[in-house]
Amino acid sequence: MTSMAGELLEVLWGRATTAPVSASQLRVLFILEHHEGINLRTLADGLASTPPSTSRLCDRLQAAGFVERVVSPTDRREVRLHISSRGRAFLADLRARREKALRVVLDQMPHAHRAALLQGLEAFCDAAAAQIPGDAPGSGSQTA
């Protein structure tokens, strides 16, 4: 049942295209949104990727205007990554389109089932957030 729910969610979300960014680039934007100013090495760790591959992802996102690189005020050799206002606007629009697709399904569910789903999703979010690297204190202070 879990895999079926995940697959159906993918189908619904797939209706809200992520163009012009790839799935990997979208993951970068989500991480940067929640970990503003992290460095490349920390981002690469969060993606379970290598710094060169992550740098190329960021190069493309920067060229599209979704990511900004800023030299660290404490160490000029370190570059901090920030999601741009254009990147934030893209994510807001994507979320709105995804929410609209989900709303159609949720509106067909009885109220009690929607309430139970919400309670379960809140617990899921708490558990999932604890699994994302970079949430530990000081995790953004590594150098790239």
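This report walks through the fold, the sheet and the nonpolar core of the protein shown above.

**Overall picture**

Please keep in mind as you read that this is a predicted model. The protein contains six helices and three strands. If you follow the chain along its sequence, these elements come in the pattern α-α-β-α-α-β-β-α-α. Of the 144 residues in the protein, 26% are buried. The accessible surface amounts to about 9,400 Å², and carbon and sulfur atoms account for 60% of that area. Contacts across the sequence are worth a look too: taking those between residues at least 6 apart in sequence, 60% join residues at least 24 apart.

**The sheet**

Let us turn to the strands. Three of them form an open sheet in the order S1-S3-S2, with antiparallel pairing. Because S1 and S2 stand at the edges and each has a single partner strand, one side of each is left without a neighbour in the sheet. Helix H4, which covers residues 51-63, packs on this sheet and touches S2 and S3. The direction of H4 makes about 110° with that of S2.

| Pair | Residues | Sense | Bridges |
|---|---|---|---|
| S1 and S3 | 38-39 and 79-83 | antiparallel | two bridges |
| S2 and S3 | 67-71 and 79-83 | antiparallel | five bridges |

Two residue pairs make handy landmarks. In the pairing of S1 with S3, Ile38 stands opposite Leu81 of S3. In the pairing of S2 with S3, Glu68 stands opposite His82 of S3.

**The nonpolar core**

The largest nonpolar core consists of 21 residues, and Val28, Leu29, Leu32, Leu43 and Phe90 have the most contacts inside it. At least two residues of this core come from each of helix H2 (23-34), helix H3 (40-47), H4, S3 and helix H5 (85-106). H2 is the element that gives the most, supplying five residues.

Which residues does Leu29 contact, once its neighbours within four places in sequence are left aside? They are Val21, Leu61, Phe66, Val67, Ile83, Phe90 and Leu91. Among these partners of Leu29 is Phe90, which is itself one of the core residues with the most contacts.

Definitions and conventions: Residues numbered from 1 in each chain as written. Predicted model: local features only at pLDDT ≥ 70, side-chain atom pairs only at ≥ 80, totals over all residues. Heavy atoms only, no water. Pairing = 2+ DSSP bridges. Helix = DSSP H or I, 4+ residues; strand = E, 2+ residues; numbered from the N terminus. Contact = heavy atoms within 4.5 Å. Axes fitted to C-alpha atoms, helices over the stretch in contact; angles between N-to-C directions. Buried < 20%, exposed > 50% of the residue type's maximum accessible area, 1.4 Å probe, protein only. Areas by Shrake-Rupley, 256 points an atom, 1.4 Å probe, with all protein chains shown as cover. Core = buried A, V, L, I, M, F, W, Y, C linked by side-chain atoms within 4.5 Å.
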